[in-house]
Amino acid sequence: MANSRSGDSMTERIVRVLDTFAAERTMQSAADIARRADLPASTAHRIVGELVGEGLLERDEDGRIHLGMRLWELALRGSRALRLRQAALPHMERVQAHIREHTQLAVLEHEEALFLERLSDPDAGANITRIAGRLPLHASSSGLVLLAHAAPAVRKRVLAGPLPAVSPETVTDAATLDALLESIRRRGYVVAPGSIEAVSTGVAVPVRSHGEVIAALSVVLPRDTDPAAALNALLAAARNTERDLRTSR
C-alpha cells in the first residue's frame, strides 16, 4: 500500500478510521472521523467513501457514518473467536443460570483483555465490561488470568508499566503484581475484589486449547458474595469448553 506524506500506509489510515468507532460512538460525521483519526479532511472523506462503497461502512440518510454489516460478516468468517465463543456459550449460560450476576469470556489482544461475550442478569450488580470492550490486563480478573499465562515477553512489558489504578484496590506495584501472577499460575484461578469497582469481586479461570491458555472465563459478583460457588461453576465451564473445543471441527 502506498504511503502518505506522513509515512503511514493506506492500511494504517484505514485502521485509524475504523478505530474512531466505539461502543459509545457508533455514528459519526465524516468530519468527526477525520478529526479523531488525525487525517486531512480530504483523505478521510476519500477513505470513508471507498469503505462505504465496499460495504465496510454505511451512510444513513442524514449523512452519518456507521460500521457496515459486511465488516461484521468478514470478521466472523472462519474466526477463531467465533469458534471459541460458540464452544463456551452453552457453559457460560449454565454458570449464569446458577450465579445470576455477570458471566464473561475474554481473550488476550494487544496486551489488553478483549471481551467476546457477556451474560448479565437484569438485577445484577455493577459491571463496566462490554462485549468487544477492553480492560487493562492488570486491573481485571480475566486480564490477570490472561497475563499470568501470557508469554514471558508480554508479562515483562506489562510489569514494566505503567500500571494505572482503575480503582483504589487495583494492583499497581510491579513486584506485587508479579507475585500475584505466580499465585494465579499455581492455583489455577484468581479472586480479585475491588480491582475494577469497590463494590464488586471478579473471579476468573483459564480456558486451554492443546495445553495453551487461550481465554479466561469470569464472573463479577457483589463484593460480599462468597466466591466458592462461582469458582466451582467456572472451573466446570472451562473444562467443558475445553472438551468441546477438542471435539469441534
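Modeller: Start with Val-48, which is buried, with a relative accessible area of 1%. Keep in mind that this is a predicted model.

Biologist: Why is Val-48 called buried?

Modeller: Buried means under 20% relative accessible area. Val-48 has 1%, so Val-48 counts as buried.

Biologist: Where does Val-48 lie, and what does it touch?

Modeller: Val-48 lies in helix α3, residues 41-53. Leaving out residues up to four places away in sequence, Val-48 touches Val-17, Ile-33, Leu-57, Arg-59 and Ile-65. A touch here means heavy atoms within 4.5 Å.

Biologist: What separates Val-48 from Ala-230?

Modeller: Along the chain, 182 residues. Between their C-alpha atoms, 46 Å.

Biologist: How much of the protein chain is buried?

Modeller: Buried residues make up 43% of its 249 residues. The chain has 9 helices and 8 strands. Its C-alpha trace spans about 55 × 40 × 35 Å along the principal axes.

Biologist: Now helix α5. How do you know what span to expect for α5?

Modeller: The rule is 1.5 Å times one less than the number of residues. Helix α5, residues 80-99, has 20 residues, so 28 Å is expected. The helix reaches 27 Å from its first C-alpha to its last, which is close to that.

Biologist: What makes Leu-89 stand out in α5?

Modeller: A kink of about 40 degrees lies at Leu-89.

Biologist: Which residues of α5 are buried, and what covers them?

Modeller: The buried ones are Leu-84, Ala-87, Ala-88, Leu-89, His-91, Met-92, Val-95, Gln-96 and Ile-99. Their cover includes β3 (102-109), β4 (112-120), β8 (212-222) and α9 (228-247). Just after the helix, Arg-100 takes a positive phi of about 60 degrees.

Biologist: How do you find empty space at all?

Modeller: Rolling a probe the size of a water molecule over the atoms shows where empty space is left.

Biologist: What makes one space a pocket and another a cavity?

Modeller: In a cavity the probe fits but cannot get out, whereas a pocket is open. The largest pocket holds about 1900 Å³ of space. The largest cavity holds about 160 Å³. The cut-off for counting a cavity is 30 Å³ or more, and the count comes to 1.

Biologist: What lines the largest pocket?

Modeller: It has 43 lining residues, with Ala-81, Leu-114, Phe-115, Leu-116 and Ala-132 nearest its centre. Helix α5 gives the most to this lining, 6 residues. By class, the lining divides into 27 nonpolar, 7 polar and 9 charged.

Biologist: And which residues line the largest cavity?

Modeller: There are 18, of which Asn-127, Ser-141, Ile-196, Gly-202 and Val-220 lie nearest the centre. Strand β7 (200-209) supplies at least two of the lining residues, as does α6 (141-148). The largest share, 3 residues, comes from β7. The classes are 7 nonpolar, 10 polar and 1 charged.

Terms used:
Residues numbered from 1 in each chain as written. Predicted model: local features only at pLDDT ≥ 70, side-chain atom pairs only at ≥ 80, totals over all residues. Heavy atoms only, no water. Helix = DSSP H or I, 4+ residues; strand = E, 2+ residues; numbered from the N terminus. Bend = angle between axes of the 7 residues up to and from the residue. Buried < 20%, exposed > 50% of the residue type's maximum accessible area, 1.4 Å probe, protein only. 1 Å grid on protein atoms, 1.4 Å probe; cavity = no way out; pocket = protein on both sides within 12 Å on 5 of 7 lines; lining within 4 Å. Points joined across faces, edges and corners; volume = space filled by probe spheres on them. Nonpolar A, V, L, I, M, F, W, Y, C, P; charged D, E, K, R; others polar.
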